[in-house]
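Subject: Structure for you to look at

Dear colleague,

Here is the structure I promised to pass on, together with notes on what turned up when I went through it. Please have it open while you read.

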Amino acid sequence: MKKDFYTVSNVIRLPHKYAAGPTFTRFYNGLEEGKIYGTSCPSCKKTFVPARSFCPGCCANLDEWVEVSQEGEVVSWTYTDREFFGMPGKPPVVLALIRLDGTDCDFLHLIGGIDQDDLEKVKSSIKRGTRVRARWNDEKKGHMLDIKCFEPVS
Amino acid sequence: MTNRVGIVEVAMTSGAETKDYFLDQVFKISKEVLDKSGITRDDVGTVISASSDVFHGGMSCANSYYWDAGAAFLKNGSRQDGESLFAFIYAVMRILTGNYDTALVLGVCKGSENPENDVLTHFFTDPFYQRQMGLNETIAAALQKREYMDRFGITEEQCAGVVVKNLKNALGNPYAHVKKKVDLDEVLASEVVMDPLKSMECAPKSEGIIAMVLAKEELAKKLTDKPVWFKGYGSSIDGFYLGDRDLLEGELPNAAKRAYDAAGIKDPRKEIDVAEVCEPYAFQEMLWCEDLGFCGRGEGGKLLESGATAADGDIPVNPSGGVLAMNPYVSRGLYRLAEGFLQIRGQAGERQLDKQVNTALAHSTHGFAGQCHAVAIIGS
Ligand SMILES: [Zn+2]
């Protein structure tokens, strides 16, 4: 937006390449095979997803790998029909925290398979506790969006 | 505490957009606080600043950029990246070492120049998981708000009530950015940004350059008739991934307990005269009030409705208008502290509370949905 005083405009573009490390690499390899991997803590017995290499609570190494359930319950969700920076896909979107069965943290992902034309329709089909299941993209490339979304289980 | 640290003076900009050059603003405010304190730059022992480089200023040379403008030329000092209440405790500790008699604390952020807040907060995520899902601060807050409503029955009207209260308070604050009288219906009718969050429930992006002079006890008493003393501080940082946390059972109770223990506070609701809390999203003020021990779990809405947190209530919260009225990101913790300082000194002008203010609480938060919290207690 033009302002009524003299300004200097500048756009900063910063290309980074982040090393994924062995744990995320193995998690992404799992996604390519249509599997969701977590790791379990030998101390507190919690299962974390995505898989990670240490337990934040116990300060313990996590090297017990588990393929976790692709089904779970919606814990919380949000909806927007506006475009926003960094958004996965095009509006409208429903982003949710999902507790996958047998895990001990919430998995952040998209909700799909419901009419998202307007908020009231979304509200009628998704609530805290709604059971959802992963739907996969045909083409997978080792990315969170290999899972297309989670859809309500009918 | 045997060696006390006093706040001597504060100077700050308003949150509204200005056409001023950032360094001129930093210089003006730094100079102003030294003049008010009756000291020169040579008297400044150490300088601690808070700023966020690329993401809240588009410069990555940190304090080397504004160091000389901030009366810190050739000084022994350092910088906190991120929340400015951390810079405050850093400065307090430097004085407590006995190596410095005075400290200048700076918080700098010129939000008017920046992209929208969430373009920046999107980069608070990790690139491997949460960034791929598009997460930003408003999405995290929306997920938190829905849980607050679902689990504790907090209503849209109560959330909107926080906005009405705080913007009303801001009308009396010359430093506030958003100055507008609003009613419940207006807030409830504002457009949905990220359901269940509406635009008026979300803080703006503001300018905020603030400077504070701290001094060791005997010097603070010499420099001012009304030093305000540092009493206690606590912080806690929860796990990084949003999904690892119970968004309604966060780390603020721990941060608060650490500050209360240090300050000897047993009954916060009775012993604290005013609280300035950091509520970038309206509902968070109610949740943080619960966490701070002003009411029971899930009772933040009732606390608001009772009028207890209004300017004339028994535990006024955000008489300055809070972050909803002014959100200079990294500086916002120091602005909370500055309001507490002015209220204790009886210098809060139109918004001065109609009671004796001896003890003030300043809270700040950063990260998603209250991942990180800091609480400072100051008093007369
Ligand atoms: Zn563990």
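Which residues are buried in helix 3 of chain B? Since this is a predicted model, please take what follows as a reading of that prediction. The buried residues of this helix are B:Ser84, B:Leu85, B:Phe86, B:Ala87, B:Phe88, B:Ile89, B:Ala91, B:Val92, B:Arg94 and B:Ile95, so that, with 10 of its 13 residues buried, helix 3 of chain B is mostly covered.

At the N-terminal end, helix 3 of chain B is capped by B:Glu83, which places a side-chain oxygen 2.7 Å from the backbone nitrogen of B:Leu85. Just after the helix comes B:Gly98, with a positive phi of about 90 degrees.

Turning to the interface, 37 residues of chain B are in contact with 40 residues of chain A, and the area buried between the two chains is about 3,300 Å², with carbon and sulfur atoms giving 63% of that area. Of the area that chain B buries against chain A, 23% is supplied by B:Phe128, B:Tyr129 and B:Met133, which is more than any other three residues supply.

The polar side of this interface is also worth a look. Between chain B and chain A there are 16 residue pairs in polar contact, counting pairs in which both residues are at pLDDT 80 or more, and the rule for salt bridges finds 4 of them across the interface. One of the residue pairs joined by a salt bridge is B:Glu17 with A:Lys3, whose closest N and O atoms are 2.9 Å apart. On the side of chain B that touches chain A, helix 5 (137-152) and strand 5 (192-194) of chain B each supply at least two residues, and helix 5 of chain B gives the largest share, 7 residues. Sorted by class, that side of chain B has 17 nonpolar, 9 polar and 11 charged residues.

Finally, some points of backbone geometry. Most residues other than glycine have a negative phi, and most peptide bonds are trans. Against that background, the peptide bond from A:Val49 to A:Pro50 is cis, with omega near -5 degrees, and A:Pro50 is found in the loop between strand 2 (47-48) and strand 3 (54-55) of chain A. In chain B, a cis peptide bond with omega of about 10 degrees joins B:Asp195 and B:Pro196, and B:Pro196 lies in the loop between strand 5 and strand 6 (197-198).

B:Asn318, with phi near 60 degrees, has its place in the loop between helix 12 (300-305) and helix 13 (322-325) of chain B, and counts as buried because its relative accessibility is 0%.

With best wishes

How values were computed
Residues numbered from 1 in each chain as written. Chains lettered and ligands numbered in written order. Predicted model: local features only at pLDDT ≥ 70, side-chain atom pairs only at ≥ 80, totals over all residues. Heavy atoms only, no water. Buried < 20%, exposed > 50% of the residue type's maximum accessible area, 1.4 Å probe, protein only. Helix = DSSP H or I, 4+ residues; strand = E, 2+ residues; numbered from the N terminus. Polar contact = N/O pair within 3.5 Å; in protein donor to acceptor, adjacent residues only side chain to side chain. Contact = heavy atoms within 4.5 Å. Buried area = accessible area lost by both parts, 1.4 Å probe. Salt bridge = Lys/Arg side-chain N within 4 Å of Asp/Glu carboxyl O. Nonpolar A, V, L, I, M, F, W, Y, C, P; charged D, E, K, R; others polar.
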